[in-house]
Amino acid sequence: MSERTLTAPRPNPETQAFWDGASNGVLKIKSCGACSRPHYYPRAHCPHCGSPDTGWVETRGEGEIHSVSVMRRGEGAPFAVAYVTLAEGPAILTNIVDCDPDTLAVGQKVRVVFKPTEDGAPPVPMFTPSGD
Amino acid sequence: MSLRNAAYIAGAFEHPTRLAPDISTPQLHAECAAGALADAGLSLQDVDGYFCATDAPGFGPISMIDYLGLDVRHADSTEMGGCTYIAHVAHAAQAIAAGKCKVALITLAGRPRSESVMRFRPGAPEQDFEQWVGLTNHTSYGMCAVRHMHEFGTTSDQLAWIKVAASHHAQHNENAMLPKVVTVEEVLESPMIADPLHRLDCCVTTDGGGALVVVAPEIAKSLSRPLVALRGAGEATKGPSGGLGLDLTVSAAARSGPAAFAEAGVRPADIKYASVYDSFTITVLIQLEDLGFCAKGGGGKFVADGNLISGTGKLPFNTDGGGLCSNHPMFRGGITKVIEAVRQLRGEAHPAVQVPNCDLAVATGIGGSLGARHGAATVILERQS
Ligand SMILES: [Zn+2]
């Protein structure tokens with residue numbers, strides 16, 4: 001099977017800290033100083049209340065599968081697309097990797113694993129079964 | 001301001017092509033426009049409002065109005081993915097009610113089988129966080145189906161019944177891409193594309209298009225076509241909401257549907273025919289629940305055993321064969337949903353699938369990615385004498 005090409009993210013001032021974290025093996029989300037609610041994907045403003053008072057939070061990189069679908073056709077197939085609900089609250093759209101995709105199930109515990117992209121761009125946060 | 005009776009659908013046309021290598025995309029728009037205007041008994045010179053979306057080539061309405069030779073005083077290029085054209089019907093009615101136009105033309109056309117087409121504009125705010133995931137519509141809708149099965153015990157057999165019902169209707173449509181009747185077993189035995197969606201859980205890809213003519217009440221009453229009134233409309237969008245609002249089993253139709261029913265002053269039980277956007281089988285099941293045809297979680301039982309088949313089931317749906325079997329031009333099924341609802345209300349559907357005394361219909365759709373960000377639009381249409 002052919003490897004799937006991972007489109008490189010292009011950090012911008014709004015997202016640079018996220019990608020710096022990724023390069024250091026840390027999954028960061030944002031939290032709101034006004035309403036205290038976290039969000040992902042990270043924005044300068046809070047999507048829950050609109051406040052610009054947001055700050056970066058380091059997550060434990062742990063969560064569980066909310067839903068998962070295995071793509072059976074095309075480049076890199078089979079590969080698993082999933083929403084993972086982080087321990088800190090937000091769901092993240094991601095891939096579940098380094099496993100047999102046929103064994104994946106809703107509710108399964110997973111942990112973050114960063115995977116390299118093209119041309120020295122920052123790695124991206126995927127997840128793998130944590131086995132506990 | 002209510003949109004009830006604010007406007008009427010006087011013209012509806014579905015292009016018969018499903019593969020169009022030898023015609024330009026603008027020309028396909030023009031043929032659809034001509035077809036719908038002829039159906040209404042109107043001409044290009046009568047049009048004073050024009051509606052299109054990103055399937056229209058070039059600079060949207062600015063390019064197309066000039067290409068078609070229109071002289072309009074109102075233009076709208078609202079973009080909500082595949083359900084756009086359902087929303088356009090309501091937006092045309094709003095414009096007519098506000099006195100901004102009297103004859104609104106809506107066109108859709110595209111040739112994804114014959115040319116490479118751009119489906120998305122780059123630079124979305126989520127792009128850097130999601131593009132590498134390789135999310136396609138198959139896995140997006142697949143995750144919704146997985147979650148629906150997890151929460152409610154919905155089965156692949158139940159989803160397959162949606163395809164089976166569509167195929168029963170498509171056999172009577174001479175233009176249908178897939179006119180063969182299929183069984184639940186055949187759906188389940190077709191190749192898995194993205195778990196749990198098989199190839200036959202997915203809609204077709206077609207070149208083609210369609211057009212609608214939405215007119216002011218006095219114009220509708222001056223024409224010789226049956227009166228199909230807009231009785232109610234709703235629209236909504238939904239996304240992951242920063243990751244805290246994710247609920248893959250509920251679509252934006254849970255807001256667009258009830259809004260349309262409230263404006264129309266009718267209930268789901270009053271509906272004689274339903275056009276339900278069918279990009280995938282799961283798309284239909286979730287919308288039927290969200291519109292209130294059954295309780296959330298009850299969709300699997302509701303669609304099983306042929307309940308959507310015209311003549312035998314309780315809720316005849318997509319009697320043209322829908323996107324699952326007939327046509328999904330330019331990856332966009334919204335306009336064909338309205339067109340078949342108009343056929344039913346006029347009594348002009350194929351006799352084998354025509355619903356008797358069909359005086360109230362719903363057309364509802366999802367646009368975008370159900371498992372990520374999507375829009376929904378719903379219209380309730382009424383046959384008047
Ligand atoms: Zn906030």
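How many salt bridges does the rule find across the interface of chain A and chain B? The model is predicted: local features need pLDDT of at least 70, side-chain atom pairs count only at pLDDT 80 or more, and totals for chains, interfaces and linings use all residues. Residues are numbered from 1 along each chain as its sequence is written, chains are lettered from A in the order in which they are written, and side-chain values use heavy atoms, with hydrogens and water left out.

**Exercise 1. Determine the charged pairing across the interface.**

Step 1. A salt bridge is a side-chain nitrogen of Lys or Arg within 4 Å of a carboxyl oxygen of Asp or Glu.

Step 2. Under this rule, one salt bridge is found across the interface of chain A and chain B.

Step 3. Arg72(A) pairs with Asp195(B), and the closest N and O atoms are 2.7 Å apart.

Step 4. One of the salt bridges joins Glu64(A) to Lys109(A), with 3.4 Å between the closest N and O atoms. This pair links distant parts of the chain, 45 residues apart, with Glu64(A) in strand E4 and Lys109(A) in strand E7 of chain A; strands are DSSP runs of at least two residues and helices (H or I) of at least four, numbered from the N terminus.

**Exercise 2. Describe the extent of the interface and the side that chain A contributes.**

Step 1. Count the residues in contact, that is, with heavy atoms within 4.5 Å: chain A gives 39 residues and chain B gives 35 residues.

Step 2. The two chains bury about 3100 Å² between them, 62% of it on carbon and sulfur atoms. Buried area is the accessible area (1.4 Å probe) that two parts lose on being put together, summed over both.

Step 3. In chain A, the most area is lost to chain B by Tyr41(A), Tyr83(A) and Leu93(A), together 21% of what that side buries.

**Exercise 3. Classify the packing of H6(B) and H10(B).**

Step 1. Helix H6 (residues 156-170) and helix H10 (residues 281-291) of chain B pack at an angle of about 100 degrees, with axes 9 Å apart. Axes are lines fitted to C-alpha atoms, for helices over the stretch in contact, and angles run from 0 to 180 degrees between N-to-C directions.

Step 2. H6(B) and H10(B) are therefore roughly perpendicular to each other, a class that covers 65 to 115 degrees, with under 35 counted as roughly parallel, over 145 as roughly antiparallel and the rest as oblique.

Step 3. From H6(B), Leu159(B), Ile162(B) and Lys163(B) meet Thr281(B), Ile282(B), Val284(B) and Leu285(B) of H10(B).
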